[in-house]
Amino acid sequence: MSGPTRPDPSGPEQPAPPPEPLDAAAVLELYRRAGGLRHGHFVLSSGRHSDTYLQSAVVLQWPALAAALGRALAAPWRGRVDVVVGPAMGGVVIGHETAGALGVRMVFTERVDGAMALRRSFAVAAGERALVVENVVTTGGSALEVADLLKAAGVQVAGLATIVDRLPEGATLPLELHALARVTAASWEPANCPGCRSGAGSEAPGSRRGLPSTRR
């Protein structure tokens, strides 16, 4: 009598790490090969809609790739940082890898009643130099919330590091920003979204929202 059929344990194949130091083209190619650069109709964590989505989790699931990206993010900040701070969830894995490359500790923030906060006995000290780390910056809202939280505690915010910058063309942030790559992608408020007007189903794969697919 045969036993139950076991699932295939092989899983997806890890993309080969590109040569270091990583350039922008290599970073975006990693996203493409891992299935992390997608096109369709998406609701972003900011609430805006877009036809392009960057899913960093499928890239960062591979420790070797996460470590390579962390080393690349750390390079401009060596000797300038005492602690790395990443907003949950997007900044947790890459923030930890960046902190490891810098030889400093890493803490992450979470939302409590809608506002960024340090929990889990995490603490920062006045006078420390902090680097905010994100996987993708779309509006910069979460990163700026983290920066404001740190500044209120007397921390010096050195800047913001992100794997991918997808800020709107011409947009700037009041923080020194270093990104490994840039993606120019359209985004709209829901009322102006072409996908919504056409009745196309949308996905909300971001960690903050976690909404199921919808149709309008």
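Start with the open sheet of six strands, ordered β5-β4-β3-β6-β7-β8 with mixed pairing; strands here are DSSP E runs of at least two residues, helices are H or I runs of at least four, both numbered from the N terminus, and two strands pair if DSSP finds at least two bridges between them. The edges are β5 (115-118) and β8, each pairing on one side only. This is a predicted model, in which local features need pLDDT of at least 70 and side-chain atom pairs count only at pLDDT 80 or more, while totals for chains, interfaces and linings use all residues. Residues are numbered from 1 along each chain as its sequence is written, and side-chain values use heavy atoms, with hydrogens and water left out.

Select β3 (residues 83-87) next.

Pick valine 85: opposite stands valine 107 in β4, and the bridge partner in β6 is valine 132.

Move on to β4 (residues 105-112), which pairs with β5 in the antiparallel sense over four bridges. Glutamate 110 is found opposite alanine 117 in β5.

Finish at proline 174, in the loop between β7 (156-165) and β8 (177-182). Its relative accessibility is 65%, so proline 174 counts as exposed (over 50%). Alanine 147 is 27 residues from proline 174 in sequence and 10.0 Å away, C-alpha to C-alpha.

Methods
Buried < 20%, exposed > 50% of the residue type's maximum accessible area, 1.4 Å probe, protein only.
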